[in-house]
Amino acid sequence: MIDLVPEGVRWSEDLLDRNAVARDLWPGGTLRFWKGEHAPAPRIVVWPSTDAQVHAVLRRAEALKVPVIPYGMGSGVCGGARGREDAVTVDVKALDSIGPLDTERWTVDCGAGVNGQHLEDWLDARGFTLGHSPSSIWCSSVGGWAAARSAGQFSSKYGVFEDMVLQLRAVSPTRGPFIVGEGGDAPDAWMDSLLGSEGTLAVITSLRLRVWPKPQARALRGWSFPSVEAAVEAMRGLMQNELWPAVIRLYDPVDTRIGGKTKPEKDPGDRSFLKELLHAVDGLPEVRKRLLSLPLRLPGLINEVFDRMAAGCMLIVGFEGDPAVVAASERAGNRILTAAGGEDLGVAPGERWFRSRHHVSYKLMPIFERGGFADTMEVACAWSQLVPLYHAVRDALSPTVVVMAHMSHCYPEGASIYFSFAGRGDVDVYDATWKQALDAVLAIGGTATHHHGVGSLKAHAASVEVGAAVAGWRELKHLLDPKGVMNPGRLYVDVEGIVPPPVAFKPEPSDNLAHAHALANLAERRDAGAPREPLWDWESFPMPPRWQRLPWQTGVIEVSGTVDGHAVRLGRAPRSAAGPDLRGWLSARDPQAICTFATAELGARWLGEATCDRPWEVARELLRGDLRPAVLNVVRGRLRVGFRGAAAASFGAVASTRVPGGLAEIPWDAGSLPSGRLVPCEPGDERCAMTTPQGYFRREHP
Amino acid sequence: MSSHRLDTCALCPRLCRPACPVASGSAREAAVPAVIAGVLFDWQRGLGDAALAAKAATLCVDCGACQAHCHLDRPLPAALRVARVELIPAPPYEALRPIEGRGRIVAIEADERPFAKALSRRLAEPIRRWPTADRLGVAAIDYPVFENRLSELRATLADCEVVVADGAVAEVLKRAGVPFRWLHEVVPELAAPTGSCRTAGSKPAACCGAAGPLAAHHPEDAVRVGKHWLARTEERRVNDARCRNHLVAIDRTVRDALDLLLEST
Ligand SMILES: Cc1cc2nc3c(=O)[nH]c(=O)nc-3n(C[C@H](O)[C@H](O)[C@H](O)COP(=O)(O)OP(=O)(O)OC[C@H]3O[C@@H](n4cnc5c(N)ncnc54)[C@H](O)[C@@H]3O)c2cc1C
Ligand code: SF4
Ligand code: SF4
């Protein structure tokens with residue numbers, strides 16, 4: 001054992017430590033634990049505290065052919081960090097430094113082992129926020145967020161976790177320590193592959209993240225809709241009108257009814273019938289267990305009863321940030337929601353949701369205690385597929401489990417659906433339920449995971465989804481971990497036989513999507529997008545790397561092409577966490593690849609121009625003041641700021657007050673965004689072509 | 001243990017982990033409250049071994065932060081106390097020593113520093129000195145046998161004005177129902193600017209690792225928790241001598257109210 005642990009590295013082979021990291025929060029593992037079955041404990045646990053120590057451990061493991069399992073906080077719900085008897089678990093929690101915070105650039109450096117809530121508290125004390133708020137913020141690590149491509153409750157404003165990462169430090173057995181992103185010494189393309197690699201390529205050791213000042217205003221409201229369909233239309237309207245709400249969460253009729261989300265807030269003494277019943281049988285554990293496991297034995301019936309009881313659904317919509325921007329966004333948002341048939345329920349439901357937003361995590365334990373299992377599944381697709389996907393997965397789940405859902409994490413192109421389900425505590429039922437559900441998602445063309453990642457649970461589904469493009473991950477694996485010691489058996493597995501090309505996805509006009517060749521020039525893409533215009537008019541593909549873009553500036557959505565003669569289609573949804581983002585790799589490899597990109601209606605638009613000193617600095621301040629212009633550039637020394645959608649004129653008016661001398665309205669001209677790799681520059685540099693809250697960029701090759 | 005169900009905590013997605021100073025400071029997954037509960041739950045249902053359960057139950061400074069964080073208000077700290085009593089034999093504690101000297105106030109001396117003498121100089125009045133080598137036997141505080149000690153303390157200190165500088169002594173007196181004042185309350189200018197956890201009121205706060213069973217059973221983790229605590233604060237002043245004695249071994253600049261008193265007199 002000692003052979004495995006280099007000098008100076010803290011380690012333990014105490015069963016207490018080995019058992020503690022044996023199980024992550026995969027509910028299948030929790031069910032087995034409840035039944036008295038223990039997860040396999042690794043041979044040893046190590047806590048390296050520097051990159052050099054991580055490297056020393058990985059090299060030893062590689063030499064001795066011992067599998068390595070990186071472990072953050074074990075909150076992964078897919079078994080990605082679960083133990084193996086022959087493995088060394090690398091617990092990253094000793095990599096726990098926070099800071100420095102760069103208050104000028106709005107960035108923070110932080111160790112991979114830092115607890116999410118600790119980081120947020122630390123930032124909060126200094127007037128900043130990361131804007132990443134997964135329900136697991138209390139029980140997950142920053143490195144785990146990167147490794148499993150986490151998404152938080154405010155993703156439609158701040159982006160998903162990979163939108164926040166500016167720099168990532170990692171260590172692989174062969175390459176040793178390296179940096180990607182800002183100031184990186186490794187190829188830019190590695191960033192997309194490391195995010196979502198779930199410990200199969202390298203150990204992530206620290207990150208530099210984009211942060212924002214704490215929001216000065218927050219406006220949350222509840223809306224009631226007669227149907228899921230009507231509410232989905234409203235959600236699409238909010239996103240395609242570029243209002244960027246921080247929160248959009250639609251509870252389906254069952255969740256709305258069961259969760260009591262349309263009712264006024266209860267006083268603490270007020271109990272529902274179910275709670276009264278629970279209370280009455282609390283002292284009689286056996287009776288309680290049997291009584292409450294009854295519905296789990298008759299899921300089909302219960303789903304039907306719930307369906308009949310349910311009526312209407314609840315949508316929570318929230319804006320936060322700069323007060324003037326919040327007010328303008330909310331006004332326009334309210335008009336869209338009302339026009340779509342929503343009934344305004346006021347601020348109480350929104351505020352209630354905000355206060356209890358992490359409490360949902362407490363709801364699953366009682367189901368296990370009563371002899372059942374509870375789990376969640378988060379899928380995603382384009383807007384036009386959302387309701388069919390919702391019904392398909394519900395139908396697949398309903399015979400075996402009681403199911404409800406909410407829709408959240410919205411993008412101009414689509415959204416995700418989060419199913420919560422509970423069933424009889426039987427391992428076979430559990431496994432069968434997952435198989436049915438994943439098959440249904442893949443058949444309809446959605447992604448098997450929007451943000452929970454893959455682990456072991458979804459390794460087969462993710463491998464089918466990614467298909468032959470898994471070669472992109474293998475290429476990097478060969479460079480970083482040629483002996484294959486990093487988290488083997490997780491993420492991707494060999495799928496037997498030829499995988500049939502997944503269902504062809506045909507976007508509806510409402511998706512605002514268009515296709516173009518990966519090598520198409522600007523004019524060709526504009527033609528392909530007509531009669532709409534590209535949402536983000538990049539000069540060419542590829543766009544700048546993610547850390548040089550703004551979180552809301554999407555690049556391509558879906559990329560389809562061929563790898564070794566096999567058709568592949570990546571990015572079935574606005575976002576997928578089925579492993580690393582291999583779309584860049586595919587479009588670079590296959591010159592014939594077709595890219596789907598988002599477009600915008602030629603509806604309400606407002607463009608203003610100003611002659612001012614240091615225009616790029618003014619532009620950057622607009623972004624830092626929470627405005628999200630569709631156009632932000634400097635043309636012949638004049639600043640141009642443009643907005644699209646229902647609040648375009650109001651945003652224009654807000655922007656005008658922030659530009660010295662104001663903005664004068666001019667006819668719309670979307671201009672274009674610089675592509676390829678950008679180079680940081682000074683704001684006064686005449687080659688400056690883009691700004692983010694973090695700084696200024698010019699093209700690498702003018 | 002029947003009154004202290006651990007099933008909910010054992011199944012919990014480790015939600016109170018950021019509140020727990022031992023989990024945060026030690027970086028050990030084994031110290032996460034829900035993980036400790038899992039080990040004890042296995043032991044309760046006959047699937048785990050008692051030695052392992054004892055090790056798990058002592059990865060705790062008994063700060064109450066997990067319960068304070070818990071949306072379900074699960075009494076995990078109490079369950080851990082009960083488990084420790086069941087799993088670990090009661091530690092022996094020394095007989096109470098005689099109170100020395102005369103005066104209105106009794107100063108309980110829990111370390112080698114001349115607390116009574118310094119306080120006497122500061123207040124310009126005679127102070128009685130009550131030395132204790134094992135902090136009045138705090139390690140046995142949760143065991144039924146300790147009831148005798150508590151009665152003894154009530155009898156000995158009846159009608160005394162008691163001043164303490166050490167958190168463990170304060171805990172014992174609190175349990176006995178004996179009224180006392182902290183040194184920094186008697187001489188407020190000695191108080192640490194931001195207070196320190198146990199002395200700052202009832203709200204649980206991050207602990208430096210000195211309290212509870214941790215230091216005796218897992219000394220290396222207690223030091224890690226102390227280092228973690230120091231790394232996250234500029235503060236080098238504490239009120240509690242127990243914290244000071246623990247932290248000073250990690251950072252010599254840490255001082256408590258008693259250090260300041262000694263320096264000023
Ligand atoms: C109650 C609950 C609510 C949740 N809610 C959300 C939510 O709202 N949004 C969301 O996105 N997720 C959610 N999750 C899932 C989970 O929190 C995320 O997947 C999270 O990113 C995992 O972080 P972790 O530190 O716990 O990683 P772990 O579980 O420890 O590891 C996850 C995977 O990443 C690898 N890994 C971990 N750290 C590193 C590292 N430093 N370097 C390389 N590989 C590493 C592991 O090997 C494993 O494969 C929830 C989970 C629970 C239990
Ligand atoms: S005290 Fe509450 S939060 Fe902590 S483990 Fe128990 S149930 Fe979970
Ligand atoms: S009482 Fe404190 S130290 Fe003990 S488990 Fe709870 S939070 Fe951790």
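H5(A) gives the most to the shell around ligand 1, contributing three residues. The model described here is predicted. Three elements of chain A, namely strand E3 (68-71), helix H5 (142-147) and strand E10 (203-210), each supply at least two residues of that shell.

There are 35 residues around ligand 1, and those that come nearest are A:Pro70, A:Ser75, A:Gly76, A:Ser136 and A:Ser141. The site is shared between chains, because residues from both chain A and chain B surround ligand 1. Sorted by class, the shell holds 18 nonpolar residues, 16 polar residues and one charged residue.

Another part of chain A contains a sheet. Strands of a sheet pair through backbone hydrogen bonds, in either a parallel or an antiparallel sense. In chain A, four strands form an open sheet in the order E25-E26-E24-E27, and their pairing is antiparallel. Strand E25 (631-635) and strand E27 (664-666) of chain A are at the edges; each has a single partner strand, so one side of each is left without a neighbour in the sheet. From one strand to the next, the twist averages 30°.

The pairing of E25(A) with strand E26 (residues 638-644) of chain A is antiparallel and runs over five bridges. Within this part of the sheet, A:Leu632 has A:Val641 in E26(A) as its bridge partner.

Helix H23 (residues 615-624) of chain A packs on the sheet, where it touches E25 and E26 of chain A. The direction of H23 makes about 175° with that of E25(A). Helix H24 (residues 648-658) of chain A lies across strand E24 (605-610) and E26 of chain A, and H24 runs at about 150° to E26(A).

Notes
Residues numbered from 1 in each chain as written. Chains lettered and ligands numbered in written order. Predicted model: local features only at pLDDT ≥ 70, side-chain atom pairs only at ≥ 80, totals over all residues. Heavy atoms only, no water. Near = heavy atom within 4 Å. Nonpolar A, V, L, I, M, F, W, Y, C, P; charged D, E, K, R; others polar. Pairing = 2+ DSSP bridges. Axes fitted to C-alpha atoms, helices over the stretch in contact; angles between N-to-C directions. Contact = heavy atoms within 4.5 Å.
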